[in-house]
Amino acid sequence: SSEEVNNLLIPYPSINEQNEISNYLDRKTNQIENSINKIYREIALLQEYRAALISEVVTGKIDVRNLS
């Protein structure tokens, strides 16, 4: 019943602890976002390198017949 729900004791951290948790999560979220952005930049560079390599092979700037 609603009376039972109103009588429930629900623990929660103090405001200071909530702020500490929030700050920690903000820091970790920023670290994760920075890692993701770095990975996206690396992917873009690898795609650029791949395109340049294909172009050099197709135009004959790199001889792939004797690579081993």
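Below is a working chat about the fold, surface and charges of a predicted model.

Biologist: What are we looking at, and which residues count for local features?
Modeller: This is a predicted model in which local features need pLDDT of at least 70 and side-chain atom pairs count only at pLDDT 80 or more, while totals for chains, interfaces and linings use all residues. Residues are numbered from 1 along each chain as its sequence is written, and side-chain values use heavy atoms, with hydrogens and water left out.

Biologist: How many helices and strands are there in the chain?
Modeller: The chain has two helices and zero strands, where helices (H or I, at least four residues) and strands (E, at least two) are DSSP runs numbered from the N terminus. Helix H2 covers residues 15-58.

Biologist: And what is the radius of gyration of the chain?
Modeller: The chain has 28 Å, whereas a compact globule of 68 residues would have a radius near 11 Å; the radius is taken over C-alpha atoms, and the globule rule is 2.2 Å times the number of residues to the power 0.38. The C-alpha trace spans about 80 × 30 × 20 Å along its principal axes.

Biologist: How far apart are the C-alpha atoms of Gln-18 and Glu-48?
Modeller: They are separated by 45 Å, at 30 residues apart along the chain, and Gln-18 is in helix H2. For Leu-53, also placed in helix H2, the C-alpha separation from Glu-33 is 30 Å, at 20 residues apart along the chain.

Biologist: What share of the residues is buried?
Modeller: Buried residues make up 0% of the 68 residues, with buried meaning under 20% relative accessible area, exposed over 50% and partly exposed in between (1.4 Å probe, protein chains only). Leu-53, for instance, is partly exposed at 34%.

Biologist: Switching to charges, how many salt bridges does a search of the whole structure find?
Modeller: The search finds one salt bridge, defined as a side-chain nitrogen of Lys or Arg within 4 Å of a carboxyl oxygen of Asp or Glu.

Biologist: Which residue does Arg-65 pair with in that salt bridge?
Modeller: The partner of Arg-65 is Asp-63, with the closest N and O atoms 3.0 Å apart. Side chains of opposite charge can pair when their charged atoms come close.

Biologist: Are those two exposed or partly exposed?
Modeller: Arg-65 is exposed, with a relative accessible area of 71%, whereas Asp-63 is partly exposed at 38%.
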